[in-house]
Amino acid sequence: DVAAIVKDFQAALKDELQIPVENIRVVASSGVPFAENFGDLVTAVQEQAGQELSKIDAREEATLTNLALVPKEWRTETLVLDIGSGNSKGGIFLTDAGSTDGFVVIEVPYGTATLSKAIDDEVKTNGNPRFAAAQVTSSHLVGQPLRQQLSATPELSQRRNVLFSGGSVWAAMTIMRPESALDPFPRVRVADLKAYRVLLEKTPGKYPEIDFSRIADPAAQKAAQADYDRIRGASGSKAIFTPEELQAGAAILNEVADALGFDSKSVYFDRKAVTAWITAFITPEELRAKLPAAL
């Protein structure tokens, strides 16, 4: 199925955007579960799309994201965190040189989709309400590993600026701060993350109702409504997140906020981070220093 999607996507790039096939790369990001049969996927992509499938790990993805988003003068003061579907990862540079040798990564192998599945397993095993299972599971699988890594590398928690990215952050901002839909760097407030978790616990199995009419700017109102329609599939497309996955994402966001002490930091959601590592990946190393200003 994945190989068929890659084939269709490549055809769209080539036919609709006139991208030469030699300029198309297929890369599996660190969120792809590298199961024992990953080789079968490599073979399938080669057979169906005629493309070699390469992959990057969490360290490389986090390093590339940081290089794309953070100007040199902010490198030693900024932590970049991405909450994905399959994993959560990020990191810091220890010096402003931007060398991969001086990059420290933080990672847990759980993201929105994978934690949601783990919560489902906890519910089936112990029969607890899902909100209670979410708290127990996220603490065990996300919070504890994060704190262990922070204890081993204190520099990770000493950065005063945090750039947050990922679909879970986008969903949280859409639901809790819809008026910020057109803001490229909206502030992430701990109170909103806590309220977000409580809101989703009150509406189990359902998408919360959002009053978009309270947004004064018509353009922001339209953008926020469109984002929420995409999240829940109201526009006719497949939903990006189920209500259960939103709950899992909220649990991750709160574990991260608590572990890193977001109360004492400046935390922002970077909307352009969604393509950051990809942009850095295809940019020659000698030009990557120009990316933050270019983006």
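**View 1. Asn 87 is in contact with Ser 30, Gly 31, Ala 58, Asp 82, Glu 107, Val 108, Pro 109, Tyr 110 and Gly 111, leaving aside its neighbours within four places in sequence.** Contact here stands for heavy atoms within 4.5 Å. A quick word on what you're looking at: this is a predicted model, where local features need pLDDT of at least 70 and side-chain atom pairs count only at pLDDT 80 or more, while totals for chains, interfaces and linings use all residues. Residues are numbered from 1 along each chain as its sequence is written, and side-chain values use heavy atoms, with hydrogens and water left out. Asn 87 sits in the loop between S3 and S4. Helices (H or I, at least four residues) and strands (E, at least two) are DSSP runs, numbered from the N terminus. Is Asn 87 buried or exposed? Asn 87 is buried, with a relative accessible area of 3%. For the cut-offs, buried means under 20% relative accessible area, exposed over 50%, and partly exposed in between, using a 1.4 Å probe and protein chains only. Ala 4 is 83 residues from Asn 87 in sequence, and the two C-alpha atoms are 24 Å apart in space.

**View 2. Five strands make an open sheet in the order S5-S4-S3-S6-S7, with mixed pairing.** Strand S5 (103-108) and strand S7 (266-269) are at the edges with a single partner strand each, so one side of each has no neighbour in the sheet. From one strand to the next, the twist averages 20 degrees. Two strands count as paired if DSSP finds at least two bridges between them. By that rule, strand S3 (residues 78-83) pairs with strand S6 (residues 161-165) in the parallel sense, over five bridges. Look for Asp 82, whose bridge partner in S6 is Ser 165. Helix H9 (residues 243-260) packs on the sheet, where it touches S3, strand S4 (88-93) and S6, and its direction makes about 160 degrees with that of S3. Axes are lines fitted to C-alpha atoms, for helices over the stretch in contact, and angles run from 0 to 180 degrees between N-to-C directions.

**View 3. Strand S4 is largely enclosed by the rest of the structure, because six of its six residues are buried.** In a regular strand, side chains alternate between the two faces of the sheet. Both faces of S4 are covered, with Ser 88, Gly 90 and Ile 92 buried on one side and Lys 89, Gly 91 and Phe 93 buried on the other. On to the partners: S3 and S4 run antiparallel, joined by four bridges, and form a hairpin with four residues between them. Leu 81 is the residue opposite Gly 90 in S4. S4 also pairs with S5, in the antiparallel sense and over six bridges, with Phe 93 opposite Phe 103 in S5.

**View 4. Leu 81, Leu 115, Phe 164, Tyr 196, Val 256 and Phe 262 touch the most other members of the largest nonpolar core, which has 53 residues.** H9 gives the largest share of this core, ten residues. A nonpolar core is a set of buried Ala, Val, Leu, Ile, Met, Phe, Trp, Tyr and Cys residues joined through side-chain atoms within 4.5 Å. Another core, of 13 residues, lies apart from the largest one, and its members include Ala 68, Val 80, Ala 276 and Ala 280. Zoom in on Leu 115 and you'll find Tyr 110, Thr 137, Ser 138, Leu 141, Val 142, Ala 248, Ala 251 and Ile 252 touching it, not counting residues up to four places away in sequence.

**View 5. The buried residues of helix H2 are Phe 38, Val 45 and Ala 49.** They sit on the same side of H2, because they cover an arc of only 20 degrees around the axis. That arc is taken from the directions from the helix axis to the C-beta atoms. What do the buried residues of H2 pack against? They pack against helix H1 (2-16), strand S1 (26-28) and strand S2 (53-55). Just after H2, Gly 50 takes a positive phi of about 65 degrees.

**View 6. Thr 65 lies in helix H3 (residues 58-69).** Thr 65 counts as buried, at 8% relative accessibility. Its contacts, leaving aside neighbours within four places in sequence, are Val 80, Ala 276 and Trp 277.
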